[in-house]
Amino acid sequence: MGRKLMEKLLEQAESSKLDDVLLFSGHHRTAAISLYKSLGFKLKESGMYIKKY
């Protein structure tokens with residue numbers, strides 16, 4: 001369900017021509033982090049994940 005929600009969110013972000021989507025997640029949330037990485041998000045030094053279009 002999480003993947004479907006994220007995919008829908010990313011579709012909306014792309015159709016809205018957003019430059020970035022930012023995520024904040026605790027380092028202990030390993031399942032969520034794996035999902036974000038599999039969707040193309042990259043970890044920033046600040047601990048923030050970002051996906052560039």
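Here is a short walk through this predicted model, one selection at a time.

In general, strands of a sheet pair through backbone hydrogen bonds.

For a specific pair, pick Asp 20: its bridge partner in S3 is Lys 52.

**Stop two: the core.** Show side chains for Met 6, Leu 10, Ala 13, Val 21, Leu 23, Ala 32, Ile 33, Leu 35, Tyr 36, Leu 39, Phe 41 and Tyr 49. These twelve residues are the largest nonpolar core. Colour by element of structure and you'll find that helix H1 (2-15), S1 and helix H2 (30-38) each put in at least two of its residues. H2 gives the largest share, with four.

Leaving aside residues up to four places away in sequence, what does Ile 33 touch? Its contacts are Ser 25, Gly 26, His 27 and Tyr 49.

**Last stop: Leu 9.** Head over to helix H1, where Leu 9 is found. Buried or partly exposed? Leu 9 counts as partly exposed because its relative accessibility is 40%. Finally, draw a C-alpha to C-alpha distance from Leu 9 to Ser 25: the two are 17 Å apart in space and 16 residues apart in sequence.

How values were computed. Residues numbered from 1 in each chain as written. Predicted model: local features only at pLDDT ≥ 70, side-chain atom pairs only at ≥ 80, totals over all residues. Heavy atoms only, no water. Pairing = 2+ DSSP bridges. Core = buried A, V, L, I, M, F, W, Y, C linked by side-chain atoms within 4.5 Å. Buried < 20%, exposed > 50% of the residue type's maximum accessible area, 1.4 Å probe, protein only. Contact = heavy atoms within 4.5 Å.
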